[in-house]
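Work through the exercises below with the sequence and the model open. Try each task before reading its solution.

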Amino acid sequence: MKEHNVCIGLSNPKSPANVGAVMRAAGCYQVSSVFYTGERYARAVKFNTDTKDARSNISLTGVDCLLRHIPQNCKIVCVDLVEGATPLPEYQHPENAFYIFGPEDGTLEQRVIDRADAVVYVPTIGCMNLAATVNVILYDRLAKSASTLANDELIRQSRDTNNKVKVNLL
Ligand SMILES: C[S@@+](CC[C@H](N)C(=O)[O-])C[C@H]1O[C@@H](n2cnc3c(N)ncnc32)[C@H](O)[C@@H]1O
């Protein structure tokens with residue numbers, strides 16, 4: 001299967017719980033790296049929402065500016081409620097993408113939006129939680145991917161070791 005480069009950028013995240021939940025999503029959806037700006041994540045270090053410990057193999061790096069850390073092959077995809085953005089159901093994800101999300105208590109800066117290859121939003125009533133949005137974007141990418149692997153072996157590998165439940169349709 002072809003390896004794609006998928007990165008996440010968090011603009012000045014505030015809540016330690018969100019960063020932990022984003023790292024868990026990154027593990028579940030095979031994100032390569034997560035970058036963040038700002039000082040507020042420092043408070044997250046002791047917090048462990050990420051119970052699957054995705055942080056052990058996915059890098060989480062604090063940077064001054066997300067735009068200076070876009071891998072060369074990645075398109076910049078800003079995700080926020082921005083006028084003129086593309087609704088997610090209509091969006092086709094690029095193979096290699098750097099998805100940028102705004103802070104819980106703010107919005108992506110105009111200078112970041114102006115650098116984007118695409119700006120997408122989820123047509124929700126009201127805005128979602130940051131980590132919920134990351135999960136929705138990554139799931140949408142998976143659902144639209146032609147190379148998604150989905151079978152019982154994956155379920156066996158992904159579930160809890162004490163889960164032996166099977167579907168027995170009548
Ligand atoms: C709690 S929201 C912040 C408020 C949001 N910027 C607004 O104008 O309502 C935190 C982040 O989650 C993402 N987000 C939440 N709901 C979204 C939606 N419906 N579509 C796109 N992004 C969303 C964005 O990246 C946003 O910056």
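**Exercise 1.** Classify Ala143: buried or exposed?

Solution. Start with the cut-offs: 20 or more other C-beta atoms within 10 Å of a residue's own make it buried, 12 or fewer exposed, and anything in between partly exposed, with C-beta atoms placed from the backbone. Ala143 has 9 C-beta neighbours inside 10 Å, so it counts as exposed. Then take a distance: Ala143 lies 21 Å from Asp117, C-alpha to C-alpha, at a sequence separation of 26 residues.

The model is predicted; local features need pLDDT of at least 70, side-chain atom pairs count only at pLDDT 80 or more, and totals for chains, interfaces and linings use all residues. Numbering starts from 1 along each chain as its sequence is written.

**Exercise 2.** In what order do the elements of the chain run?

Solution. Helices (H or I, at least four residues) and strands (E, at least two) are DSSP runs, numbered from the N terminus. The chain has 4 helices and 7 strands. From the N terminus, the order is β-α-β-β-β-β-β-α-β-α-α.

**Exercise 3.** What share of the chain is buried, and what share of its contacts join residues at least 24 apart?

Solution. Buried residues account for 31% of the 170 residues. For contacts (C-beta atoms, placed from the backbone, within 7 Å), consider pairs at least 6 apart in sequence: 80% join residues at least 24 apart. Finally, the extent: the C-alpha trace spans about 55 × 40 × 35 Å along its principal axes.

Terms used
Two residues are in contact if their C-beta atoms, placed from the backbone, lie within 7 Å.
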